[in-house]
Amino acid sequence: MKWENQTARTQAPGDGAPGERSPGNGTSGSRLIDWLLRPASRTWQVLSLAVLLGVCVSTSLRANWGSDNSFVVKAAQTLLAGGSPYEDKRFLYLPSAVIMAVPEALLPRTLLQWVLPAGMSGLLGAGWLAALRMFSVPWRSRFAVGGFAVFALAYKPYVNLVLIGNWTAISAAALPVALLLAHRRSWAAAGLVVGLAIACKPMLVPIGLLFLLARQWRGLAAAVLVPLGLSLAGALMMPSPTLFFTKTLPFLLQGQDAYALPWDASPIAVLPRLGVPEPLAVLLAFAGAGGGLWAAWVRWRRQDQTDRGELRLVETACMVMLAAFLVSRPSFDHYLLVVLPLLLASAVRPGSMPRSPWFWLALTPQVALVPWPSELAHKRRAFKDCATLCGLAMVLARRALRSGRVTLGPVTTAGSPPRTEPECAATPAESASRTAF
C-alpha cells in the first residue's frame, strides 16, 4: 500500500486563514483518503451500526463476559461490605478506582451484562470521535463511519476488550479527548481528563511527560492532584489501605504470576519464553523504552508544515505510551487501543504513520482473518502481541527521528564545478520551535 504524498495545509473549519480547507475538501494528498472523507451513505451508517451492535450483543450472550471488570466490581462490593479491596491480589488499581466502581457494584448482574459491553464500545467510540475531531475529519464521512466498524470487526483486541470489560477503555477515550483539549490550548482541562482516567486506571501516567515537554504546569498539577486526592479519599473509606503498598504493589512490580504470563506481551515477559536470559530481556526492553522516549523528545521539537501541530502532539503522546508499554508488566494486547485510534485518524495527513506499509505490516498479527499456526493461539498469543507492540514502536520511532537527518545540497566554490560531497554540503535540517501550543 503506497499512497501519493503531497504537501497540503489542513485546518479545522472556521479556524484558519482564507484559502485553507479541511481534509474533506480534497487536500489530504491521497485519492483514497479524499474518497473516504466524503459523506457516508445511509447504507454505510446502517451496516456500521449493525456491526457495533452485533459485537455488543454477542458479547453479552457469552458466559465469560466482564472477566476483568469483575475484579473491580468485587473490590467495590468488598468496600461496601466493610472489607479491604486489597485483600484480593487481583485488584491492582488505585483506591480511587474503588470509588469509581461503586455504581457498577449497585447494578444487578443481569443489567450489567448488557450495559457493560455497550459501555466499553461507547468509550472506544468516544475516543475514535475525539481522534477524528483532532484532525478535522467529518463525523459522517465514510472514514469515520466505516473505519470504526472495520476496526471493530477486523482488530481482534477490540472484541477482546469489549468481552473482558477492562478499564483500558477509559484510557482509550480519555487520551484523544485530552489531546484535543490540549490542541485547543485547554491544557488544564486536558490535565483534568488525564487525572480522572488515572484515578480509574493508572495507564496514562506516562502522559505526564507530555505536560513537561509543553511546560504546562497547571495541566500537570491537575493530572497529579486529581487521582491523588481521590485515592486519599478512597483510602480513608477502607480498612487496611496500606495493603496497596505491602501486597498489591510488590505483586504488580513482579509482573504478577503465571495467571497473567500467557497474555503478557511485554518483551520482559516474552523474550525469556523464547530462551533469552531474563536480565538481557529487561535490558533490551528498557533500552527500547529509552529510545522511544528520546524519539518522543525529538518529535516534540519538530513542527510540521502540513498542519497546525495536531500530528506533532499525537505522535509525541503515542510514542510516550508505546515506550511505556515496552516495560510495563503486564502489557496486554488491548493496551494498543489507547494509541491506535489516534494513529489511524492521522491518516488524513500527508506523510503520517498509517501511510507507511510498515504500519499495516506491524498490525497484521492482530487481524482477525489472518490464520496462524495453532501453537501461536490461546496461551502463546503473547508472541504476536509483542511483535505488534514492538513493530509499532519501531515504525513510530523511525518517523519521529527523521528530523535528525541532514539535507545535502550543491555547494559551488569560485572556479570549481558544483559539488555535493557530504563533507562540504551537509546542512542541518530546519530546526523546530520549542514553543508549546
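Let me begin with what I mean by a pocket: on a 1 Å grid over the protein atoms alone, a pocket is an open set of points with protein on both sides within 12 Å along at least five of seven lines, whereas a cavity is a set of points where a 1.4 Å probe fits but cannot get out, and lining residues have an atom within 4 Å of a point. Grid points are joined across faces, edges and corners, and a volume is the space filled by probe spheres set on the points.

What you see is a predicted model, in which local features need pLDDT of at least 70 and side-chain atom pairs count only at pLDDT 80 or more, while totals for chains, interfaces and linings use all residues. Residues are numbered from 1 along each chain as its sequence is written, and side-chain values use heavy atoms, with hydrogens and water left out.

The second largest pocket has a volume of about 560 Å³. Its lining consists of 23 residues, and those nearest the centre are Gly147, Val150, Phe151, Leu344 and Trp360. Helices here are DSSP runs of H or I with at least four residues, numbered from the N terminus, and α1 (31–36), α6 (142–154) and α17 (357–363) each supply at least two residues of this pocket's lining. Which helix gives the largest share of the lining? That is α6, with eight residues. By class, the pocket lining has 19 nonpolar, three polar and one charged residues, where Ala, Val, Leu, Ile, Met, Phe, Trp, Tyr, Cys and Pro count as nonpolar, Asp, Glu, Lys and Arg as charged, and the others, Gly among them, as polar.

Staying with α6, helix α5 (residues 109–134) packs against α6 at an angle of about 145°, with the axes 11 Å apart; axes are lines fitted to C-alpha atoms, for helices over the stretch in contact, and angles run from 0 to 180 degrees between N-to-C directions. Taking contact as heavy atoms within 4.5 Å, Ser121, Leu124, Gly125, Trp128 and Leu132 in α5 meet Phe143, Ala144, Gly147 and Phe148 in α6.

The largest cavity holds about 50 Å³ of space, and its lining includes Phe325, Asp385 and Leu389. The second largest cavity holds about 40 Å³, and α8 gives the most to its lining, with four residues. How do the residues of that lining divide by class? There are ten nonpolar, no polar and no charged residues.

Phe325 and Leu389 return in a helix pair, being among the residues through which α15 and α18 meet. The axes of α15 (residues 310–327) and α18 (residues 382–400) come within 10 Å and cross at roughly 140°. The two helices are therefore oblique to each other, given that angles under 35 degrees count as roughly parallel, over 145 as roughly antiparallel, 65 to 115 as roughly perpendicular and the rest as oblique.

Finally, the axes of α3 (residues 69–80) and α4 (residues 95–106) come within 8 Å and cross at roughly 90°, which makes α3 roughly perpendicular to α4. By class, this contact has twelve nonpolar, two polar and one charged residues.
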